[in-house]
Amino acid sequence: MEKNRIIYFDIAKGIGMLCVILGHLSLSAINMVVFTFHMPLFFIISGYFMKKQDTRLVIHKKFRQLLIPYFLTCLAIAGVSIVKDLLLGRTDELAHNLLLWCYAGFYGSGNPYSHPFYVKAIGAIWFLFAMFWSVVIYNGIMDRKGCSVWVLVLSLAGYFSAKYIYLPWSIQSAMLALVFIHAGHYCRIRQLPLTPPHPIWTASALLLWLFCMYVDKGRFYIVGNYSQNLVIDIAGSIAGTFLVLVLSQIIERIPLVSSGFQWFGRHSLVILCLHLVELTFLPWRTLLERIGITNILVIGGLAVTGKLVWCITGVLIIEKIPILSVAFGLSKNTTNKEGTAL
């Protein structure tokens, strides 16, 4: 174990990644909870560990860390799409579907759009493009005078411009995410106490998070820059992240549980990529209903189990393939020792 890792941050990332998977079950009761914080959490943690570096170094480093896995996942999706069309005998659609996935991979949008032109969604790995741009942009402004003003202006520009046109590479989502990067970085430079958490801080964060959940019911989507109450949602996301960090410190004291979440958190990037492939091509609900399982709770439980088995097995396989292990940052030579979000 690397001496400079903070264990409860790894646990928090594991919780966040589990929430990403649960959020894609499309169950309103779950989404009302996880969508209040699960994506902001990763940006906040990334901001907490950010240090000013040469721009070219940051671009090179984050391209290798985030975008190489992104494009490899796009290739995997295109490959699985070809196999799926061949197995189903849809050879006449093969070229068309392949071009659509290539277009989706290039555009890098998490949501589909039809106006002012058609955009096919690439899915959950939009986050990798957004993280890349948010880190690069924030690195450029973090030491400037009036950094908070820069963050406010860029975040609002990303948020409001997305209402009219959604630009490629999830750059507007990245602009909105600057708020969370900045919040994490501010906690670090101001040395705000994250551990041990003061009861007043915890109680205040819990009340704020519950209020946010009550008001917006988890309808805060950085993927499409959608929010009905932006200020409340941002505050609730920060409060929710703080509570996850508090919970992570408690879990850290329970070795058996802690080790599982740590592993999940440290492999969050490759798990996200594996999850997208599964999410795109394995319709768990349809498959389970075809074999006679109709209870929604049973379907949900089996689907989550299947997703976790898929992701864990995928990680273990990729670790055994040297070129993929290096590409996804799983080898000892490329292990992320900075505690950054992925």
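A residue is called buried under 20% relative accessible area, exposed over 50%, and partly exposed in between, with a 1.4 Å probe and protein chains only. The model is predicted, so local features need pLDDT of at least 70 and side-chain atom pairs count only at pLDDT 80 or more, whereas totals for chains, interfaces and linings use all residues. Residues are numbered from 1 along each chain as its sequence is written, and side-chain values use heavy atoms, with hydrogens and water left out.

S237 belongs to helix 10 (residues 230–251); helices are DSSP runs of H or I with at least four residues, numbered from the N terminus. With a relative accessible area of 0%, S237 is buried. Its side chain takes part in the polar contacts tabulated below, a polar contact being a pair of N or O atoms within 3.5 Å, one able to donate a hydrogen and the other to accept it, where residues adjacent in sequence count only if both atoms are side-chain atoms.

| Side chain | Backbone oxygen | Distance |
|---|---|---|
| S237 | T36 | 2.8 Å |
| S237 | D233 | 2.8 Å |

Leaving aside residues up to four places away in sequence, S237 also touches T36, F37, P40, I44, F180 and F220, where contact means heavy atoms within 4.5 Å.

F160 lies in helix 7 (residues 147–161). F160 is partly exposed, because its relative accessible area is 42%. Between F160 and I68 there are 92 residues in sequence and 30 Å in space, C-alpha to C-alpha.

How values were computed
Helix = DSSP H or I, 4+ residues; strand = E, 2+ residues; numbered from the N terminus.
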